[in-house]
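Colleague: I would like to learn how to read side-chain packing in a model. Can we walk through one together?

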Amino acid sequence: MRYHEDIFYPSSKEELLGLLEPIGVNDEHKAFIVPHMALGYIAHLYRAVFSSIPDGMRIIGLFPLHREPLLCDENEILFSSEERDEEMAIGTVHIRSLGFPSASAYEEEEYSMELLLPYIAHHNPSSLFYPLFCNVKKSEDMKKLAQKLTEYDDGNTAFIISSNMTDRIDKGVEEEREKAINMVLSGNHLMDAWRKGRFRACGAPLIEAARRAFGGHWQLIGVSDKETKAGHAAFFMDERSN
């Protein structure tokens with residue numbers, strides 16, 4: 001089920017192809033950060049990311065929850081999408097589960113996962129996609145996630161973290177975005193700054209978990225074509241800097 005089609009991204013083949021092409025071929029990388037907003041403003045960032053993910057690689061997507069989990073899920077930190085094939089105008093996405101509790105209730109509200117679907121269908125039709133919705137707010141939960149990422153790192157998996165650089169703010173978006181970008185690039189621990197409100201990226205615990213799991217350094221790909229109420233940027237992890 002796609003809840004956010006024709007809201008954050010188009011459904012027609014012609015409009016989608018305008019956002020999907022061209023995707024070149026660049027050096028492969030293991031981990032990425034992408035923003036979430038209307039796809040028209042960030043399509044160039046997604047194209048850059050997928051240019052570094054060959055078709056056939058397993059793709060694990062990490063998506064922060066922006067709401068509290070349901071009462072029945074309050075002791076859980078990770079949620080998997082139900083296994084299915086999503087048929088889109090430009091191809092099929094093969095969604096598979098990592099065995100955590102169902103994320104179905106959260107997919108209706110969290111559009112970030114759906115932004116990846118057109119790129120996977122078009123550029124990675126042979127890949128299996130494993131979405132993980134994450135309710136990670138404490139350091140101990142971040143460490144648990146980092147351990148899971150280490151277990152999933154089989155040499156044929158790309159990890160894509162969805163995170164904006166700021167929360168919703170009315171003024172000074174670009175300035176706050178630049179501060180957040182510099183924090184990500186610094187390689188410093190992010191959890192303390194995030195918990196104290198000095199760093200407001202919604203996926204900060206996921207970004208920190210990937211740094212802990214893989215040990216690389218984040219490199220900036222670029223920023224959004226337009227900023228409105230939040231700051232947006234994309235990164236890849238450069239493992240050569242280990």
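Modeller: Start with a cluster: ring pairs link Tyr-46, Phe-50 and Tyr-119. Rings of Phe, Tyr and Trp (its six-membered ring) pair if their centres lie within 6.5 Å; planes under 30 degrees apart count as stacked, over 60 as edge-to-face and the rest as tilted. This is a predicted model: local features need pLDDT of at least 70, side-chain atom pairs count only at pLDDT 80 or more, and totals for chains, interfaces and linings use all residues. Residues are numbered from 1 along each chain as its sequence is written, and side-chain values use heavy atoms, with hydrogens and water left out.

Colleague: How many aromatic pairs does the structure hold?

Modeller: There are 7. A pair of aromatic rings is described by the distance of the centres and the angle of the planes. Take Phe-8 and Tyr-111: they are stacked, 3.7 Å centre to centre, with 5 degrees between the planes. Phe-8 is in the segment before helix H1 (13-20), and Tyr-111 is in the loop between helix H3 (104-107) and H4. That is 103 residues apart. Helices (H or I, at least four residues) and strands (E, at least two) are DSSP runs, numbered from the N terminus.

Colleague: Is Tyr-111 buried or exposed?

Modeller: Buried means under 20% relative accessible area, exposed over 50%, partly exposed in between (1.4 Å probe, protein chains only). Tyr-111 has 18%, so it counts as buried. Phe-8 has 23%, so it is partly exposed.

Colleague: Why is the pair of Phe-50 and Tyr-119 stacked?

Modeller: Because the ring centres are 5.6 Å apart and the planes are at 15 degrees. Phe-50 lies in helix H2 (residues 43-50) and Tyr-119 in helix H4, so the pair ties together parts 69 residues apart in sequence. Phe-50 is buried at 1%, and Tyr-119 is buried at 0%.

Colleague: Which residues have the most contacts inside the largest nonpolar core?

Modeller: A nonpolar core is a set of buried Ala, Val, Leu, Ile, Met, Phe, Trp, Tyr and Cys residues joined through side-chain atoms within 4.5 Å. The largest here has 41 residues, and Phe-50, Ile-53, Leu-116, Tyr-119, Phe-129 and Ile-160 have the most contacts inside it. Helix H4 (residues 112-123) gives the most, with 7 residues. A second, separate core of 38 residues includes Ile-77, Tyr-130, Ala-180 and Ala-233.
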